[in-house]
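Subject: Structure for you to look at

Hello,

Here is the structure I promised to pass on. Please open it and keep it in view as you read my notes.

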Amino acid sequence: LHESLSLSIPPTFRANEYQLEFIDSAIRRQAMLAEGLAVDSTYLNDVVTLGRSWGLDKGYVLTQFLLVMYEIGKDDLVESLANSTMRLVDVDTFMNHGIAIVCVRLNAALIILKKAKQCRSILALLEADTCEWVKEQAVSTLAENPDIVINGDDGGGMISLGTTYSLILRMKRMSSVNR
């Protein structure tokens with residue numbers, strides 16, 4: 001009897017659509033308010049606790065938070081969080097949404113670079129089919145989620161290709177670990 005009382009039994013219920021919508025808006029709000037040099041997992045404790053009470057695991061909250069942070073261009077703030085919690089992240093969800101974010105950023109870069117005459121020779125080296133696919137993915141993603149930030153911190157230019165490249169490398173590592 002004593003052993004049966006001390007067992008940890010995960011909840012058997014699932015969050016309904018309204019609870020998921022509430023959690024997702026709480027995650028987005030936390031992401032928008034995030035500032036400073038870095039964000040750690042304790043920043044999300046309240047949202048994780050609420051999610052767990054509704055049958056969601058910590059991985060769901062972390063995955064959604066990381067994706068929102070990448071969507072709004074706060075890549076640098078979540079670098080250490082992403083490194084320390086990657087084992088909890090839902091890889092399929094992160095990869096699908098991560099690719100969409102990368103396509104939006106790359107398409108924005110292509111648009112800006114096409115306007116610069118000195119970059120046209122570089123753009124001519126890119127594979128046309130790949131550029132078209134990136135554009136299609138970006139247009140589709142922005143139609144579904146217009147909140148994705150395209151401009152950098154200064155509001156005038158694009159998000160750094162360096163941070164986008166870091167996101168691509170993170171996704172590449174995730175895919176190679178989960179093969």
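How many salt bridges does a search of the whole structure find? It finds three. Bear in mind that this is a predicted model.

First, the overall fold. The protein chain has nine helices and zero strands. Of its 179 residues, 36% count as buried.

Now the salt bridges. Side chains of opposite charge can pair when their charged atoms come close.

- Arginine 28 meets glutamate 71 at 2.7 Å, N to O. The pair links helix H2 to helix H4, 43 residues apart. Arginine 28 is partly exposed, at 24% relative accessible area. Glutamate 71 is buried, at 8%.
- Arginine 105 meets aspartate 75, at 2.7 Å, N to O. Arginine 105 sits in helix H6 and aspartate 75 in the loop between H4 and H5, so the pair ties together parts 30 residues apart in sequence. Both residues are buried.
- Arginine 170 meets glutamate 79, again at 2.7 Å, N to O. Here helix H9 is linked to helix H5, 91 residues apart. Arginine 170 is buried, at 4% relative accessible area. Glutamate 79 is partly exposed, at 31%.

Next, the inside. The largest nonpolar core has 37 residues. Phe65, Leu66, Met69, Tyr70 and Phe94 touch the most other members. Helix H4 gives the most to this core, with eight residues.

Last, the surface. Glu127, Asp129, Glu132 and Glu136 gather in a patch of negative charge there. Glutamate 136 lies in helix H8. Its relative accessibility is 45%, so glutamate 136 counts as partly exposed.

Best wishes

Methods
Residues are numbered from 1 along each chain as its sequence is written. This is a predicted model: local features need pLDDT of at least 70, side-chain atom pairs count only at pLDDT 80 or more; totals for chains, interfaces and linings use all residues. Side-chain values use heavy atoms; hydrogens and water are left out. Patches are made of residues with over 30% relative accessible area and no salt bridge: like charges are joined within 9 Å, nonpolar side chains (Val, Leu, Ile, Met, Phe, Trp, Tyr) within 5 Å. Accessible areas come from the Shrake-Rupley method with a 1.4 Å probe; for residues, only the protein chains shown count as cover. A salt bridge is a side-chain nitrogen of Lys or Arg within 4 Å of a carboxyl oxygen of Asp or Glu. Lys and Arg count as positive and Asp and Glu as negative; His and the chain ends are not counted. The place of a charge is taken as NZ of Lys, CZ of Arg, CG of Asp or CD of Glu. Helices (H or I, at least four residues) and strands (E, at least two) are DSSP runs, numbered from the N terminus. Buried means under 20% relative accessible area, exposed over 50%, partly exposed in between (1.4 Å probe, protein chains only). A nonpolar core is a set of buried Ala, Val, Leu, Ile, Met, Phe, Trp, Tyr and Cys residues joined through side-chain atoms within 4.5 Å.
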